[in-house]
Amino acid sequence: MIFRQKEVEIKAPKRGFFIVTDKIVSAIEFGDIKIGMMNIFLKHTSASLTINENVSPDVRVDMEEISDSLVPDGYDYNHSLEGPDDMPAHFKSSMFGVSLNIPITNGRLNLGTWQGIYLNEHRNHPGLRKIVITVWGV
Amino acid sequence: MIFRQKEVEIKAPKRGFFIVTDKIVSAIEFGDIKIGMMNIFLKHTSASLTINENVSPDVRVDMEEISDSLVPDGYDYNHSLEGPDDMPAHFKSSMFGVSLNIPITNGRLNLGTWQGIYLNEHRNHPGLRKIVITVWGV
Amino acid sequence: MIFRQKEVEIKAPKRGFFIVTDKIVSAIEFGDIKIGMMNIFLKHTSASLTINENVSPDVRVDMEEISDSLVPDGYDYNHSLEGPDDMPAHFKSSMFGVSLNIPITNGRLNLGTWQGIYLNEHRNHPGLRKIVITVWGV
């Protein structure tokens, strides 16, 4: 039974949706796991993790625009002291989630051909985001 | 320690929400696991997996209608070359997620009485969807 | 390899978003796990679990208000026999999800400073909610 864990920090260049598959995969060793799982956990409440299309940059732009149209920035929230983007960021964080589980098969992440791991930065001024990566398997 | 993994393919009859609990449960052996977990991972970005009500067909119809009202089909997205249903499908895939984790207890999935596993097909013309099932436990 | 599981029941005081971190953490022993994972699984389809901000009560109020604005109560759903809050509750349950995975590090849940575990009660008249907690690790 293999169990490994590592914490990494990633900073998005700006608000939006960004592919971080390579940063995650290169951060931890799991090539010796034949059958297993990887969990990726983001330790924040105003960003999120998801899996989506890994080719078209337009998809990332649309993800941002649709998210913003569903939960617009503004000062009409009870929680608005930290800026008009703060409460919408909290909601989006829960809508997309902060914890991903991906199977490992024969030493590789078993993602679909078109799947990439996204870091979704929901604040206007991104900071460093801490991500705990855990792998386990046999 | 038990660790098993299997890939299955499921095709939804059309766009919409469909219960696939039996197909998942019958695909892999876990009756010998007393305490454990099952992960179900969909290798696509325009469909999703979720858990919801397993009796009323109306719930599945409403899930589809509410999803569509939140993220309507159309050509107003940057990513629209693959059809008016494509970008909404990507968004819904991230909103619902593609990875489910369900506890195993005494050799059975520990779902609630009214819970079923849904395959959510967000494209108008469904294809085969690959799902990786992983179980582990003692 | 450690594997433990326990079922707890939690009742929200009313419809809304509530922090339950302490109730979850105190329900199961995991102080002896150096590297591991915790899964929390809600056995219902009209409530959900999420991780969000653990300080400002305003965030919980806004989470409820934004959810309700996206999926309003009403009788315009096909599935409305159980009340105007029932179908919206099913949708929110799938939007937020019923299964959370959180890493364990050195015997503690590895949550971010501002992260708390929420029970989201989407029905007007809450009942007891069953939650299966599973921990595993080394």
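Me: How many residues does the contact take from chain B and from chain C?
Reply: Happy to start there. This is a predicted model, where local features need pLDDT of at least 70, side-chain atom pairs count only at pLDDT 80 or more, and totals for chains, interfaces and linings use all residues. Residues are numbered from 1 along each chain as its sequence is written. With contact meaning heavy atoms within 4.5 Å, the numbers are 33 residues from chain B and 27 residues from chain C.

Me: What area is buried between chain B and chain C?
Reply: Buried area is the accessible area (1.4 Å probe) that two parts lose on being put together, summed over both. Carbon and sulfur atoms give 65% of it here. In chain B, B:Ile35, B:Asp62 and B:Ile66 lose the most area to chain C, together 20% of what that side buries. The area asked for is about 2500 Å².

Me: How many salt bridges does the rule find across the interface of chain B and chain C?
Reply: The rule asks for a side-chain nitrogen of Lys or Arg within 4 Å of a carboxyl oxygen of Asp or Glu. Across this interface the count is zero.

Me: Which C-alpha of chain B is nearest the axis?
Reply: Copies are superposed by least squares on the C-alpha atoms of residues with pLDDT of at least 70 in both. Chain B can be laid on chain A with an RMSD of 0.0 Å by a turn of 120° and a shift of 0.0 Å along the axis. That is the relation of a three-fold axis. At 3.5 Å from the axis, the C-alpha in question is that of B:Met95.

Terms used
Chains are lettered from A and ligands numbered from 1 in the order in which they are written. Side-chain values use heavy atoms; hydrogens and water are left out.
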